[in-house]
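I opened the notebook today to go through a structure and jot down what I looked up. Here it is, for anyone who wants to follow along.

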Amino acid sequence: MSAQTYYVPEQSRFPIFMALSLFLLVMGASSTINNLDNPDSNSAYILYAGFISLFTTLFFWFRQVIKEHLAGLDSNQLKTSYVYGMAWFIFSEVMFFAAFFGALFYVRSFAVPWLSGEGENGVGISAIGLWEGFESSWPVMTTPDKGAEYVLAEKSMAWPGWGHALEWLPLWNTIVLLSSSVTVHFAHIGLKNGDRKKFNRFLGITVGLALIFVGLQAAEYYEAYAHYGLTLNSGIYGSTFFMLTGFHGFHVMMGGFMLAVMLARSVFAGHFEDHDHFGFEAASWYWHFVDVVWVMLFLFVYIL
Amino acid sequence: MSAVIENHHDDHHHGPAKGLTRWLYTTNHKDIGTLYLWFSFAMFLIGGAMALVIRAELFQPGMQIVEPEFYNQMITLHGLIMIFGGVMPAFVGLANWLVPMMIGAPDMALPRMNNLSFWILPFAFFILLSSLFMEGGAPNFGWTFYAPLSTTYAPPSVTFFIFSVHIMGASSIMGAINVVVTIMNMRAPGVTLMKMPLFVWSWLITAYLLIAVMPVLAGAVTMMLMDIHFGTSFFNAAGGGDPVLFQHIFWFFGHPEVYIMILPAFGIVSHIIETFSRKQLFGYSSMVWAMLSIAILSFVVWAHHMFTVGLPLAAELFFMWATMLIAVPTGVKVFNWVATMFKGSLTFETPMLFAIAFVVLFTIGGLSGLMLAIVPADFQYHDTYFVVAHFHYVLVPGAIFSIMAAVYYWIPKWSGNMYDERLGKLHFWLSFIGVNVTFFPQHFIGLAGMPRRYPDYALQFADWNMVSSVGAFLFGVSQILFLFIVVKTVMGGKKATDQVWEGARGLEWTVASPAPYHTFTTPPKVD
Ligand code: HEM
Ligand SMILES: [Cu+2]
């Protein structure tokens, strides 16, 4: 890293197109959501246009970055910048989940007990006779207000006891996701040893496991909605359950998609070398991150 | 592929591209810095105009000019625009211009992402401002958008507000990642961490805060969206949630956010005071440690905004003492600034005037903050004009004065021309008087009990409100002078030397004025 010259990319159209896509995307999303009960609304087309232009821009942007890399324009310094950039991006994702975990801990330890009259703050609530008969528990299956806008669930997603452990989907999901972290690691070892076959095979298995996870999660949601009556409308338990697992599932899809792209790059374009494969590494870090979030979910949403 | 390589060849030595596309497609940190700064100035003018609507309405008791609904939209948009569109982008613009030059880097680490971070902003604020014309009007729940005002009782435009906050947050996070990576990875050999200019340090810490809390804000608005449209109960006690939960999440973001708006100012003021005292800064390493401890503490004080919501006593005590602890590192910084000036050969050019005013007036804001940190006192002061006075003292003669000081201090380096010192001083004195006339009386009416966020007030508050409104118009009009001075400097004027200021230190003063389009193509030698 002596006095090499720096590489500053030439002007680029990608960012402004990306900003424009985001604009379309959020305008489309906002007006679609505001018009959910208006079947005549055309807002969804703005949303679709946003998605299409976002993905197109991303495709060409990444293609350009890969080309520049293959042309040998990246200095070691730029590679380090990518590493730091990805690490800090993952940290920001951790903080996003932290907000939802924080909400979960807060309602479990404070809001729900207080609403049922426990503690310093709860005394006041019961003194004025608010929410009478509401019992604190977790998972909380009722709502303080018995109004019609809530669809109460009959059953929660919590640990069903050893007798039913094997038919409990979250356990299988945990096994699937933890093994996928191992297989992606094996793929990495294969790549580092120059064993392309092993890399492709294990990366393929990882992507397969990601798909299985998403499938199981979908089955779980179906079960929740169709058989347990557990929905976003079931009060705070349903809210925290679906938002935490939902955002996690969304991240699994993104991570799985990234890994699938890496697989395609390796299989069809022969990308990545034993000492030079940042794209894959970044995707695999992301995958490990998604895995760690799941472990937290498993503990705090399902088990405890 | 060959096109890529060719681009590379003729990349370094030619100057900026011609025409509009230069600004749309640019990857140059100086261009992007300029874009940020002008954008922020435009937002200051728009947000400022809204402030003047507020002060015009409050000039006299009784309903004078606007409807109460519109008044609420004005206070909301004023706050959001000044914070997210004015102060934050101004600091990012300064970081873009200065950080690479100060550490001997050719540009920001991730130049294309840098462009993206900027160009998201005009779209985000277009969405926010367009909500004024939507059915039900713009967001009207205050910049803190507490639930249930912002959920159950919000106008439909809240959905647009939520998504515009989302993309603003994305812009901030990407900008912050860029700054961190640049500082961690692009320093010229010899620029060790403890030799970094304080502005760079202040931005390293700020960027870390941004990456930590902007996602939390995204989480908060996402929960709002779900509560409003998809039936969840995060902020609804009837479903087992809690509106107070919103405040916790918001202030977990919000308190570090106020430090995001002041830490870069600390960096700027340190440079300026050092230069015009013609002395080395007193206590460099204690400045760094003070900023680090302020940043860490800022994560454990958030509930000082919530003393009156009915927190358990233990929480009130914890947050009171934790808040007061922040006064210690803050005091260290003020001490160091004063000690730097002590026995220096001071001169009072415009940047120095703004910097000294910063030290004095920011300290007043810090002291009123300490008063607010005392739980039983805050029961009285909370949601009164005293709070408004407090945060305007730290933000206007704090954050904004530091931005103006920075513009005067570095504009010779940016444009190659000296600004008009006489006009600069005039601008300073008008702003200084305007700020104090506007915000000092708000302490009095606050202590006397006038609540914030109402378009009307009881008669006993009339005199000081009138004074405050006069000051606000003085301050607002003075900023037209600022615009004039900046434009005049950019168009021409006395040529600046490379060193510009006699006592200035740092790499940016070693390059030509105006700084060449690409500063360092090979790392400079630093020892
Ligand atoms: C010694 C340092 C400080 C202390 C002890 C302090 C303390 C406080 C307290 C206790 C409040 C809540 C008052 C209430 O709502 O009843 C408050 C509000 C506020 N502070 Fe500070 N503060 C300090 C510095 C700052 C700085 C440096 C900034 C920004 C640059 C700032 C910006 C704000 C803002 C914007 C609010 C009001 C938010 C709102 O309710 O709209 N403060 N401060
Ligand atoms: Cu605070």
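**Entry 1: the second largest cavity.** The model is predicted, so I keep "computed" in mind for each value here. Which residues line the second largest cavity? I listed B:Met88, B:Phe91, B:Val92, B:Ser172, B:Trp203, B:Thr206, B:Leu210 and B:Ile260. Helix 4 and helix 7 (198-229) of chain B are the elements that give two or more residues to this lining. Sorting the lining by class, I got six nonpolar residues, two polar ones and no charged ones.

**Entry 2: the largest cavity.** I then asked how many cavities of 30 Å³ or more the structure holds, and there are three. The largest has about 90 Å³ of space. Its lining is made up of B:Tyr36, B:Phe84, B:Met88, B:Pro89, B:Val92, B:Leu121, B:Met168, B:Ser171, B:Ser172 and B:Gly175. At least two lining residues of the largest cavity come from helix 4 (68-103) of chain B, and at least two from helix 6 (158-185) of chain B. By class, I wrote down seven nonpolar, three polar and no charged residues for the largest cavity.

**Entry 3: the copper ion.** Which protein atoms are the donors of the copper ion (ligand 2)? I found ND1 of B:His255, NE2 of B:His304 and NE2 of B:His305, at 1.9 to 2.0 Å from the ion. Along the chain, the donors follow the spacing H-x48-H-H. I also checked the distance from the copper ion (ligand 2) to the iron atom of ligand 1, which is 4.6 Å.

**Entry 4: A:Asp291.** I moved to chain A, where A:Asp291 sits in helix 8 (residues 278-303). With a relative accessible area of 7%, A:Asp291 is buried. What does A:Asp291 contact, leaving aside its neighbours within four places in sequence? I found A:Leu177, A:Leu178 and A:Ser181. Last, I looked up A:Asp291 against A:His251: they are 40 residues apart in sequence, and their C-alpha atoms are 9.9 Å apart in space.

Technical notes: Residues numbered from 1 in each chain as written. Chains lettered and ligands numbered in written order. Predicted model: local features only at pLDDT ≥ 70, side-chain atom pairs only at ≥ 80, totals over all residues. Heavy atoms only, no water. Donors = N, O, S within 2.8 Å, 3.2 Å for Na, K, Ca; no water. Helix = DSSP H or I, 4+ residues; strand = E, 2+ residues; numbered from the N terminus. Buried < 20%, exposed > 50% of the residue type's maximum accessible area, 1.4 Å probe, protein only. Contact = heavy atoms within 4.5 Å. 1 Å grid on protein atoms, 1.4 Å probe; cavity = no way out; pocket = protein on both sides within 12 Å on 5 of 7 lines; lining within 4 Å. Points joined across faces, edges and corners; volume = space filled by probe spheres on them. Nonpolar A, V, L, I, M, F, W, Y, C, P; charged D, E, K, R; others polar.
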